[in-house]
Amino acid sequence: MLPVLVDDTHRGHDPAYELNAGRTVAPVPERPARVEVIHAALVAAGFATQLSRRHDDEVLDGVHDPEMVAYLRGAYTAWREAGGPEVMIADTFRSPAWAGGGRRPRSPLGALGWYCTDTATPLVAGSYAAARAAVDLACTAADLVLAGASAAYALTRPPGHHAGPSYFGGFCLLNHAAAAAQRLRGSGTVAIIDVDVHHGNGTQDVFWTAGDVLYLSMHTDPDHQYPFFSGATDELGAGPGQGTTRNLPLAPGTGDAGFLRAVEVACELVTAFDPASVVVSLGLDVAAEDPLGQLEVTDDGLARAGALLGRLQRPTVLVQEGGYALPELGQLAVTTLSAFTRVRG
Ligand SMILES: [Zn+2]
């Protein structure tokens with residue numbers, strides 16, 4: 001049976017509101033109940049849970065700029081000491097259009113806009129600890145696989161794939177999928193399959209020049225969906241990583257047939273790359289019911305996707321990314337992970 005790694009620390013990341021497309025949104029879509037409903041549904045379906053193990057910050061080496069991690073760790077305290085309100089949201093952002101690239105400001109408010117990419121990623125007192133615990137979950141799953149487990153699933157929150165080497169955003173603070181891949185990378189090549197409805201710009205950027213890590217993403221065409229500025233087919237990596245990034249954008253409204261064709265193409269690319277292990281960024285926001293996604297994937301489509309990923313027959317770490325349809329989310333996770341497990345035998 002697939003081990004399910006869990007940790008309650010995520011509950012401390014519970015912002016009262018965010019700003020999304022110009023509107024104040026409350027409650028926020030990325031909230032503790034997401035993990036609670038998935039956890040409950042998996043337990044009811046017979047999956048066994050276990051707690052994660054703490055890892056030193058060196059698991060973030062090669063994933064994030066240490067200065068960004070240090071900022072993130074102390075950001076909220078500094079913000080409050082400077083008189084900021086309970087929810088921390090940037091209002092001014094660095095732009096690449098500025099001559100010289102701009103400069104990193106000293107003030108807590110200014111520094112937030114240096115690192116954060118948007119207004120939908122609010123920070124509160126427990127945010128950093130939650131993101132750091134998610135990294136521990138993903139790394140514990142990687143440890144299990146390195147010790148011989150066929151696969152392990154980390155029930156992570158907040159999601160991570162929009163957090164890049166020196167930026168964060170899109171509900172994500174630290175990139176736990178990338179941390180798991182980095183850990184597995186010590187024992188051979190790695191393929192990351194990102195099935196979240198949003199392009200994993202952060203993961204793509206972490207491994208942009210890595211020739212030994214294949215990054216594959218299927219997502220709504222970024223012309224129509226966050227993160228808007230990346231996820232096109234002509235983004236292929238660079239240097240030694242030229243050709244080890246592949247994006248498979250899908251038109252809004254794409255259903256099972258188009259989605260599963262993209263998963264099949266991704267699986268063919270993985271087989272050709274022949275990695276020692278696989279990381280799956282499991283976004284369940286591809287589901288038709290999802291309030292944020294623009295795809296129309298059914299329960300059956302997710303079951304078939306789970307089976308395709310299982311049939312790769314590679315040691316696999318699955319980490320939870322997006323998925324916001326609270327009434328259906330638990331069942332969507334059970335469906336996908338059960339199908340994955342069944343074909344593993
Ligand atoms: Zn997503």
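Predicted model: local features only at pLDDT ≥ 70, side-chain atom pairs only at ≥ 80, totals over all residues.
## A walk through the parallel sheet

Now widen the selection to strand E1 (residues 4-6) and E5, which run parallel and are joined by 2 bridges.

Next, bring up helix H4, residues 127-146. H4 packs on the sheet, where it touches E1, E5, E9 and E10. Turn the view until you look along E5, and you can compare directions: that of H4 makes about 175° with that of E5.

**The whole sheet**

Which strands make up the open sheet, and in what order? Colour them as you read across: E4-E1-E5-E10-E9-E6-E7-E8, 8 strands with parallel pairing. At the edges you will find strand E4 (49-51) and strand E8 (245-250). Each has a single partner strand, so one side of each is left without a neighbour in the sheet. Ignoring direction, neighbouring strands here are turned by 20° against each other on average.

**Strand E10**

Select residues 316-320 next, which form strand E10. Is this strand largely enclosed or left open, and why? Of its 5 residues, 5 are buried, so the rest of the structure largely encloses E10. Show the side chains and check both faces: Thr316, Leu318 and Gln320 cover one side, Val317 and Val319 the other, and all are buried.

Strand E5 (residues 151-154) pairs with it in the parallel sense over 4 bridges, and Ala152 is the residue opposite Val317. Strand E9 (residues 277-282) also pairs with E10 in the parallel sense, over 5 bridges. To see one of these pairs, pick Val280 and its bridge partner in E10, Leu318. Then trace the chain from E9 to E10: the path goes through helix H8 (residues 299-310), and this β-α-β crossover is right-handed.

For a last selection, show the contact itself:

- From H7: Asp256, Phe259, Leu260, Val263, Glu264 and Cys267.
- From H8: Asp300, Gly301, Arg304, Ala305 and Leu308.

Colour these contact residues of H7 and H8 by type, and you get 6 nonpolar, 1 polar and 4 charged.

Key
Residues numbered from 1 in each chain as written. Buried ≥ 20, exposed ≤ 12 C-beta atoms within 10 Å, placed from the backbone. Pairing = 2+ DSSP bridges. Right-handed = clockwise from strand over helix to strand, strands pointing away. Contact = placed C-beta atoms within 7 Å. Nonpolar A, V, L, I, M, F, W, Y, C, P; charged D, E, K, R; others polar. Axes fitted to C-alpha atoms, helices over the stretch in contact; angles between N-to-C directions.
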